[in-house]
Amino acid sequence: MFSKVLVANRGEIAVRVMRACEELGVRTVAVYSEADKHAGHVRYADEAYNVGPARAADSYLDQEAILDAARKAGADAIHPGYGFLAENASFAEKVEASDVTWIGPPSDAMERLGEKTKARKVMQAADVPVVPGTTDPIETPDEVAAFGEEYGYPIAIKAEGGGGGRGLKVVETPDEIEDQLETAKREGEAYFDNPTVYLEKYLEAPRHIEVQIVADQHGNVRHLGERDCSLQRRHQKIIEEGPSPALSEELRERIGNAARRGISETEYTNAGTVEFLVEDTVASETQRADGEAVDGEFYFLEVNTRIQVEHPVTEQITGIDIVKEQLRIAAGERIGFDQSDVDVEGHAMEFRINAENAAQEFAPATGKLETYDPPGGIGVRMDDAVRQGDDVGGDYDSMIAKLIVSASDREECLARSERALKEFDVEGFHTVIPFHRLMVTDETFVAGEHTTNYLDEELDPERIDRAVEQWGSTEAAEAAEEEVTEREFTVEVNGKRFEVNLEERGAPAIPTGGGGGETTERPPQATEETSGEEQVAASGEQITAEMQGTILSVEVDEGDEVAAGDVVCVLEAMKMENDVVTERGGTVAQILVGEGESVDMGDPLVVLE
Ligand code: MV4
């Protein structure tokens, strides 16, 4: 086993990896940016090195700075976590070439699986079903049209380098071919430096099922069952669970074996996930109607060559510590269990606790963590790296913690999750906890009938607004509505305890403190979020960025006439493409940004007259 591991990441996953190291008697090294000097992963580590400024590109993504820190610390291995450099094959190759061990798959396996048409070929060769489509790149609109003639519509145009939520364009009808093909190529170039695209038949209401794999350097490959990640919003997973409520035992076994078979063909080692789309499962309504448990079809989608955010779901139902397995495998040890030893027991769900306002299109929220009081008790696991009093900034992604709930079956898991989410008290900014509370009582989710389209196309947004109003952070709500001062008091009447909320509108804050009432609470500060909005409202002529990000394209020219709802530019933020639309018609007077430029929340983009 290693004696010292550098964790090239931040936040909860860095702490998660360090916890595994701790249990194995391995010393830990953190790296941190200027923004993270006091962050949880730095507090946890045995030693820590500054690798640069807040901007990830200049710190957590700075390959030389990370390797330098490893050398200075005398680390004998690097664990990349997820995100940042985790799936960067050329970084893995650099680490392999040094005398530090890469705790991940071999760089050539990462490269093979990172290119989607190559991965499809590998899986096909292993007899794993892939979505009907091309295994070679395509170039022209005619090729797309010919594909449509043969397989019908809709068609998915996918970027060779794509993955996650990026590089997928859907063609519904022949007249959309040219536009969508061009967009797909442009995005492929912008995101992955690779304009190559290929085609698949587009499945309209699939479940997203992924199988956890571990593989050692001695040819042993095991699968640890599946996770169901169908509940996602704009390609961002929100709740993951295992086992999937939509699979029959038979289909479950077929998918698990297919994943294991496919991975066995690729000379893969370490942890990985094989993603599938599954159609027409036992949970789908048509099959329920006639009562027949006809099994669905499953298709290989992609392989993720990293530990994933949702790995704890699998850990909770198998009892296997996947991060420890990663360390042992990288150190050359054999997997210590057979496939038949892997037992899935009970049910687990993971809730991503993102600092976002679900009532405002999940806009990122920032601020000081005034209260942080996470749940506990039976079946509750918290993976986090924050504590009360921390500042949560907008430099990195918005996930501040993960709540993982496990129970003997799905029903108990839902009830326990509701209980845990009620206990969870976060004040200072919005989180998605109210949204989670809505989901664990939502009919479709509770029945396990949701597909990947559920949140984007079916759920009524007003229900989200009401959930946030009812269960949202009171302090964040106050900040949004400056006039209202609300204070909580505990009073005792005849020996019985009551909690009372006092609200006063348009008045100075109520004095606090037990004594002379000298301290007055400051009026709540407007959050960055609210001030951004005010700017839009006040200027009117300007279209501003709703969040920090990068301009992917500018869709208008100066002098263009635009109508309300037209897209003026495309902003990449939080790993997503966002269309920036104008709320009114007019003439474009000025364009203030160009392709590739970074913008902050509130920055003006386009001026209308
Ligand atoms: C698909 C698909 C339907 N048909 N491919 C989205 C991200 C990208 N890596 C693959 N994705 C999809 N590919 C075909 N042929 C639907 C999706 C998809 C999706 C997949 C997994 C989880 C959530 C999703 C949400 C929307 C679309």
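# A tour from strand to surface

Leu 6 stands opposite Val 29, a residue of strand β2. That pair is a handy place to start, and β2 will come up again soon. First, some ground rules. This is a predicted model, where local features need pLDDT of at least 70 and side-chain atom pairs count only at pLDDT 80 or more, while totals for chains, interfaces and linings use all residues. Residues are numbered from 1 along each chain as its sequence is written, and side-chain values use heavy atoms, leaving out hydrogens and water.

**The whole protein**

The protein has 19 helices and 34 strands. These are DSSP runs numbered from the N terminus: helices are H or I with at least four residues, and strands are E with at least two. Of the 609 residues, 53% count as buried. Buried means under 20% relative accessible area, exposed means over 50%, and partly exposed is in between, using a 1.4 Å probe and protein chains only.

What about contacts, meaning heavy atoms within 4.5 Å? Among contacts with a separation of 6 or more, 65% are between residues 24 or more positions apart.

**Back to β2**

Strand β1 (residues 4–7) is joined to β2 by four bridges, and the two run parallel. Two strands pair if DSSP finds at least two bridges between them. Strand β2 is mostly covered, with six of its seven residues buried. Ser 33 belongs to this strand, which spans residues 27–33. Ser 33 counts as buried because its relative accessibility is 0%. Leaving out residues up to four places away in sequence, Ser 33 touches Gly 52, Pro 53, Ala 54, Ser 59, Tyr 60 and Tyr 396.

**A sheet with a helix on it**

Now look at an open sheet of four strands, in the order β31-β30-β28-β33, with antiparallel pairing. Its edge strands are β31 (576–581) and β33 (598–599), each pairing on one side only. Helix α8 (residues 177–192) packs on this sheet and touches β28, β30 and β31, and its direction makes about 150 degrees with that of β28. For such angles, axes are lines fitted to C-alpha atoms, for helices over the stretch in contact, and the values run from 0 to 180 degrees between N-to-C directions.

Inside the sheet, β28 (residues 549–554) and β30 (residues 567–573) run antiparallel and are joined by four bridges. Ile 551 has Leu 571 in β30 as its bridge partner.

In the loop between β31 and β32 (586–591) you'll find Gly 585. Gly 585 and Ala 563 are 22 residues apart in sequence, yet their C-alpha atoms are 3.9 Å apart in space.

Most residues other than glycine have a negative phi, and most peptide bonds are trans. Here are some spots to check against that. The bond from Tyr 153 to Pro 154 is cis, with omega near -5 degrees. Pro 154 sits in the loop between α7 (141–151) and β6 (155–163). The bond from Gly 242 to Pro 243 is cis too, with omega near -10 degrees, and Pro 243 is in the loop between β13 (239–242) and α9 (249–264).

Then there's phi. Arg 234 isn't a glycine, but has a positive phi of about 45 degrees; this residue lies in the loop between β11 (232–233) and β12 (236–237). Asn 270 has a positive phi near 80 degrees and lies in strand β14 (residues 270–279).

**A nonpolar patch**

Phe 489, Val 491, Val 493, Phe 498 and Leu 502 make a nonpolar surface patch of about 380 Å². The elements giving two or more residues to this patch are β25 (484–493) and β26 (496–505). Which element gives the largest share? That's β25, with three residues. Leu 502 lies in β26.

Patches are made of residues with over 30% relative accessible area and no salt bridge, joining like charges within 9 Å and nonpolar side chains (Val, Leu, Ile, Met, Phe, Trp, Tyr) within 5 Å. A salt bridge is a side-chain nitrogen of Lys or Arg within 4 Å of a carboxyl oxygen of Asp or Glu.

**Some residues by cover**

| Residue | Relative accessible area | Class |
|---|---|---|
| Asn 270 | 1% | buried |
| Gly 585 | 34% | partly exposed |
| Arg 234 | 36% | partly exposed |
| Leu 502 | 38% | partly exposed |

Key. Areas by Shrake-Rupley, 256 points an atom, 1.4 Å probe, with all protein chains shown as cover. Contact = heavy atoms within 4.5 Å.
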